[in-house]
Amino acid sequence: MKKGAVLCIIIALFILISIILISTYLIGSDSKNTVSIKILAINDFHGHLFAEQQLNDRPVGSAPILASYLKSAINSSEADYNLIALTGDTIGASPAESALLQDEPTIEFFNSLANDQCDPLDSGKCTGCNIISIPGNHEFNDGTNELMRIVHGGNGTASIPHNADPYPGTMADYVCANVVWKENETPVFSPYTIREINGVQVAFIGAVTLETTILELPQNIENITFINESEAINSYVPELQAQGIHAIVVLIHDGGKQESYEGPTQEGGNVTGPITSVVAELYEDIDVVLAAHSHGFINTYLPNAGGKDILVAEAYSYGKAYADVDLLIDKESGEITNKSAVIVPVYADEAPGTSPDPAAEELLAEVGEAVSELRSEIITTSAANISLIPDADGESALGDLVADSQKAAMNTDIALVTSGSPSGAVKADIPGGNVTWGDLEKVLPPDASMAETYGGWYSRPHVASREVTGEQIKTILERQWEEPVPEENLSVSGITYTYDPSLPAGSKVTEVLVNGIPLDENATYTAAMNYYMAYGSAMGGGGEFAPPWDWNVTVNVGPADIDALIDYIRGRPGPLDVMTDGRVKMY
């Protein structure tokens, strides 16, 4: 071989070795100077612990399947830090299995995924906790006191079996920037929480939709104020920047929709919904928004107020999918330099869904036993069958009993109750013998229309009160003889009346007494009824005997109808008896 050829080979080898060494150095340098984070985000779970969901015509969801996917993603992750994010409506508007147990089983499920650094008593400050959560609008369904119990623990006042006794609270780090106490304008929860990964700090700010103020019953949020989402989030950015933090992730219970697709985040895509305007107002240092509320698909980049692209992701609802988000952060600047997400369907018919999580399956077995225990609890005994079927005079012993219970619950002058098809109406007899919680649930069942429309939502009608005039009371009583004859049957409490069937319709009622005193048609009385009747036409399902709606009328919502009935029955000495509870009209 000629010397020139040998020299060329040596030079080529030298160049090749140099390239390898330089590449190795650069790769090592890049790895050394960046931090990687994986976030697994679940939105709008709504207590869907059990299977029954479909996505793309395939079975998806349930706690055991979701847990299998999440654990598999974490175990196979090469990120420096792995985090689970719950972006609101984790509980509330849930199926019966979770709702009947105050959604405690759902919290316990996510607690099972928490690490040992999570502490429900140190919410917002658990800097090592691997789960961060925010409230959605449905977390406020039972008021702020119950939400604080759900977050911080305690058994509360509800008579339910507890899988964990005492109930421990949520292990998630709970944050929210835009909900404050009215009394002192301080945040109800820590507005943000910080994670430090290999010397880099990342902030997570929470917020909930302003729509909560119109979606929630006024008494459930009467002691708190909701601030504009983007304004509240932005208000904490300077505070974080002062700490040298430039990697900021927002968890927000607000969302939108776009056409779904598979794979990593794609630019473009027509995103609709309120999330677009919220993101457009966010400060430039905010990099990622994990969305919720609309139950839709989002995986795109949207510009913030500084024109910088924000990664926005939302993964359907009910545990059917999750957003798998990967972030890369430059150690020197603290900035997120790369961000991408994949919306992962939680399919039950392929791995890892074909291997459901054993711990979650065990929890579901315990939940089934607890719900069965609740429904089989004996509330009282009955000397005879108490029927909703009216007698010849239109009187129903069961309807009167339910009306009495609602009048007592709301401490009103009268009560109006119907039996028939409307939500909140009486729908089954109380059997003779032992009367269980489940028997009374058949008398006053949950709202089936809500369950059908909203994916299994166990919606329990509540008792309410409002004012009615004496003239309105008389008009409601006269409706019983209208043509065509109403399909519903009216029962009352606090009212006795006489009627003459020979008189023309609209004039059959000849005398009305309210608690023994003659009715004054010009006077105003307080009346208890289920809240569908109380809101009447304004709510679209009040039934044939609902009082006319007036926007100036105040409706006060009280306990669930079944709770009012149980409390009333438990307050009565001895067994139920149709002769005791069945009242007759005066002639």
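The legends below describe close-up views of a predicted model.

Residues are numbered from 1 along each chain as its sequence is written. Because the model is predicted, local features need pLDDT of at least 70 and side-chain atom pairs count only at pLDDT 80 or more, whereas totals for chains, interfaces and linings use all residues, and side-chain values use heavy atoms, with hydrogens and water left out.

**View 1. The open sheet that runs from β6 to β16.** Six strands with mixed pairing are arranged in the order β6-β5-β4-β1-β15-β16; strands are DSSP runs of E with at least two residues, helices are runs of H or I with at least four, both numbered from the N terminus, and two strands pair if DSSP finds at least two bridges between them. At the edges stand β6 (173-174) and β16 (336-345), each with a single partner strand, so one side of each has no neighbour in the sheet. Strand β5 (residues 131-133) runs parallel to β6 and is joined to β6 by two bridges, with Tyr174 in β6 as the bridge partner of Ser133.

**View 2. The open sheet that runs from β8 to β13.** This sheet, also of six strands and with mixed pairing, has the order β8-β9-β11-β12-β14-β13. Its edge strands, β8 (192-197) and β13 (297-303), each pair on one side only, and the twist averages 20° from one strand to the next. Within the sheet, β9 (residues 200-208) and β11 (residues 247-253) run parallel and are joined by seven bridges; the bridge partner of Ala203 is Ile248 in β11.

**View 3. The packing of α11 against α16.** Helix α11 (residues 397-410) packs on helix α16 (residues 561-570) at an angle of about 95°, with the axes 8 Å apart, where axes are lines fitted to C-alpha atoms over the stretch in contact and angles run from 0 to 180 degrees between N-to-C directions. The two helices, α11 and α16, are therefore roughly perpendicular to each other (65 to 115 degrees). On the α11 side, Leu401, Val402, Asp404, Ser405, Gln406, Ala408 and Ala409 meet Asp561, Ala564, Leu565 and Tyr568 of α16.

View 4. The structure holds 13 aromatic pairs, counted where the ring centres of Phe, Tyr or Trp (its six-membered ring) lie within 6.5 Å. One of them, Phe45 with Phe110, is edge-to-face (planes over 60 degrees apart), at 5.1 Å centre to centre and 80° between the planes. Phe45 lies in the loop between β1 (34-42) and β2 (53-55) and Phe110 in helix α4 (residues 104-111), so the pair ties together parts 65 residues apart in sequence.

**View 5. Backbone geometry in three loops.** The peptide bond from Asp165 to Pro166 is cis, with omega near 5°, and Pro166 is found in the loop between α5 (143-152) and β6. A cis peptide bond also leads from Ala351 to Pro352, with omega near 0°, where Pro352 is in the loop between β16 and α10 (358-375). Asp89, although not a glycine, has a positive phi of about 55° and is found in the loop between β4 (81-86) and α3 (96-99).

How values were computed: Parallel < 35°, antiparallel > 145°, perpendicular 65-115°, else oblique. Contact = heavy atoms within 4.5 Å. Phe/Tyr/Trp six-rings, centres within 6.5 Å; stacked < 30°, edge-to-face > 60°.
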